[in-house]
Amino acid sequence: MVVGGGIVGASAAAFLAGAGARVLLVERDGLAAGASGANAGGIWHPVDPVLVALYRASLPLYRELAAGSNVFRMGERPAGLLEVASSEAAVRDEAAAMAEWYPELTPAVLDPAALRQAEPAVADGLWGCLLDLGYPIAPASGTYAFASLAESRGAVVRMGRAATLALAGDSVIGVRLDGELIPCGAVVAAAGPWTPGLLAPTEFRVPIRPLWGVVVEVEPATPLRHIVEEIDSGAGAATREAAAGRSRPDRAPAPDAAPEPPSVERVHVSVVPTPGVTAAGATQLDAEPDPAAWVEPVLLQAGRLLPGLLEAPIRGVRCCPRPLSADGRPLIGAVPGTRGLVIAAGHGPWGISTGPESGRLAADLALGRAPAIPAELDPARFA
Ligand SMILES: Cc1cc2nc3c(=O)[nH]c(=O)nc-3n(C[C@H](O)[C@H](O)[C@H](O)COP(=O)(O)OP(=O)(O)OC[C@H]3O[C@@H](n4cnc5c(N)ncnc54)[C@H](O)[C@@H]3O)c2cc1C
């Protein structure tokens, strides 16, 4: 049984069914109803080495998926990520940090003239660091394609019903759907930011919380050639810290935090030219926002770097929660203290890039195999 029809749950279901298991994938809403459908649409290289391993292993899984799917497409080559800033020092600092940790991304510093040549849509006077990474995709397409693959291998996908765990002592014996017990040999909990609620009947307190993102869909007259992000101040230092594995502990907000008033300061610019529309974002908010109220701050912030976005027709707004764990890394493994229960959740801002390998590892565990999972991802670190 797989609970949660996002990228992690859909890929786990596909790998389980591929191994010959009888699989039921249960989704409360529709497939990709959460962040897996409303993300910015980038498969890209994380800066945390533990996550980089998941990303690298996910790439060939996506390639294989694309080869057999008419829903999921990704480019042969990365589109390239342009990290931009008005400060030359910030850009050089970032390029040096990336060259030290990930030379394969061939960081190159672009002065304002070279940057305009590489990406004519950027504003005058900015500096850029070009990295050889980033595959824009249609945001929900990976989840849909993995779910289709699971079905073609015999899995059953049931939508529109929330699952709850059925326990006997410290063992999971199945899930309940509308009160009906559906017995099973193992459950994979892949319910994103809702995983703490799903696992509430167990002894394990899941340290995952929602971090809300708003992304505005626009249709610029001239599509971007690259993914464009703003380097926030101190980016090089932040990259070094993350790359050295010093993930920053999450500062959890008060549980009753009120929604923040819309403001440009809360927008970290990241613009992805996905198939169909360009995704301009994004916010990182503790409480669920009113998405419409954030359209203007998002576009004003993105428009400082890419002025054409201010004129571009708006096509929609996406809003969803990232499943953020207390140390920024997902929990993949057996749930401490409960038999027959595997968790694969907490992928934060990187779940599209790292989800397929997470699903594959979770499937292997549920099948009783012993996949090599880095200790840094073991849920027992929070037990
Ligand atoms: C604005 C934004 C932009 C992002 N951009 C990127 C990006 O460019 N690249 C990248 O790699 N990552 C990105 N991410 C992060 C990525 O989207 C997430 O990490 C990833 O989608 C999480 O996938 P998931 O399967 O773990 O969870 P989710 O997508 O949250 O799926 C969980 C599913 O479980 C279902 N569910 C919950 N409870 C139950 C229940 N009791 N029974 C049945 N079903 C249940 C939910 O309805 C949901 O569909 C972005 C996130 C945001 C918010």
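Ala-90, Asp-93, Glu-94, Ala-96, Ala-97, Met-98 and Trp-101 of helix α4 meet Ala-235, Gly-236, Thr-239, Arg-240 and Ala-243 of helix α8. By type, the residues of this contact are seven nonpolar, two polar and three charged. The model is a predicted one. Helix α4 covers residues 88-101 and helix α8 covers residues 235-243. Their axes come within 7 Å and cross at roughly 20°. Angles under 35 degrees count as roughly parallel, so α4 and α8 are roughly parallel to each other. Their crossing is right-handed.

**Helix α1**

Helix α1 runs over residues 7-18. Most of α1 is covered, with eleven of its twelve residues buried. Just after the helix, Gly-20 has a positive phi of about 95°.

What does α1 pack against? One partner is helix α10, residues 351-366. The two pack at an angle of about 40°, with axes 7 Å apart. That angle makes α1 and α10 oblique to each other. The crossing of α1 past α10 is right-handed. On the α1 side, the contact is made by Ile-7, Val-8, Ser-11, Ala-12, Phe-15 and Leu-16. On the α10 side, Gly-351, Ile-352, Gly-355, Pro-356, Ser-358, Gly-359, Arg-360, Ala-362, Ala-363 and Ala-366 take part. Ten of the contact residues are nonpolar, five are polar and one is charged.

An α-helix has 3.6 residues a turn, so residues three or four places apart point the same way. Among the α1 contact residues are Ile-7, Ser-11 and Phe-15.

**Helix α3**

Helix α3 takes in residues 49-67, 19 residues in number. From its first C-alpha to its last it reaches 28 Å, close to the 27 Å expected at 1.5 Å a residue. Its buried residues are Leu-51, Leu-54, Tyr-55, Ser-58, Tyr-62, Leu-65 and Ala-66. The cover over them includes β3 (42-43), α6 (141-152) and α10.

Helix α10 meets α3 too: the axes come within 7 Å and cross at roughly 85°. That makes α3 roughly perpendicular to α10. From α3, the contact uses Leu-51, Leu-54, Tyr-55, Ala-57, Ser-58, Leu-61 and Tyr-62. From α10, it uses Ser-353, Thr-354, Gly-355, Pro-356, Glu-357, Ser-358 and Arg-360. The contact residues divide into seven nonpolar, five polar and two charged.

| Pair | Crossing angle | Axis distance |
|---|---|---|
| α1 and α10 | about 40° | 7 Å |
| α4 and α8 | roughly 20° | within 7 Å |
| α3 and α10 | roughly 85° | within 7 Å |

**A buried glutamate**

Is Glu-230 buried or exposed? With 22 other C-beta atoms within 10 Å, Glu-230 is buried, because 20 or more is the cut-off. Glu-230 is found in strand β14, residues 227-230. Leaving aside residues up to four places away in sequence, Glu-230 touches Val-84, Ala-85, His-268, Val-269 and Leu-305. Asn-39 is 191 residues from Glu-230 along the chain, and their C-alpha atoms are separated by 18 Å.

**Backbone exceptions**

Most residues other than glycine have a negative phi, and most peptide bonds are trans. Some sites here depart from that.

Ala-32 has a positive phi, near 60°. Ala-32 sits in the loop between β2 (24-27) and α2 (35-38). It counts as buried, with 25 C-beta neighbours inside 10 Å.

Asp-178 also has a positive phi, near 50°. Its place is the loop between β10 (171-177) and β11 (180-183). With 8 C-beta neighbours inside 10 Å, Asp-178 counts as exposed.

Which peptide bond is cis? The bond from Gly-281 to Ala-282 is cis, with omega near -10°. Ala-282 belongs to strand β16, residues 278-283.

Technical notes: Residues are numbered from 1 along each chain as its sequence is written. This is a predicted model: local features need pLDDT of at least 70, side-chain atom pairs count only at pLDDT 80 or more; totals for chains, interfaces and linings use all residues. Helices (H or I, at least four residues) and strands (E, at least two) are DSSP runs, numbered from the N terminus. The expected span of a helix is 1.5 Å times one less than its number of residues. Axes are lines fitted to C-alpha atoms, for helices over the stretch in contact, and angles run from 0 to 180 degrees between N-to-C directions. Angles under 35 degrees count as roughly parallel, over 145 as roughly antiparallel, 65 to 115 as roughly perpendicular and the rest as oblique. A crossing is left-handed if the near helix is turned anticlockwise from the far one by less than a right angle, and right-handed if clockwise. Two residues are in contact if their C-beta atoms, placed from the backbone, lie within 7 Å. Ala, Val, Leu, Ile, Met, Phe, Trp, Tyr, Cys and Pro count as nonpolar, Asp, Glu, Lys and Arg as charged, and the others, Gly among them, as polar.
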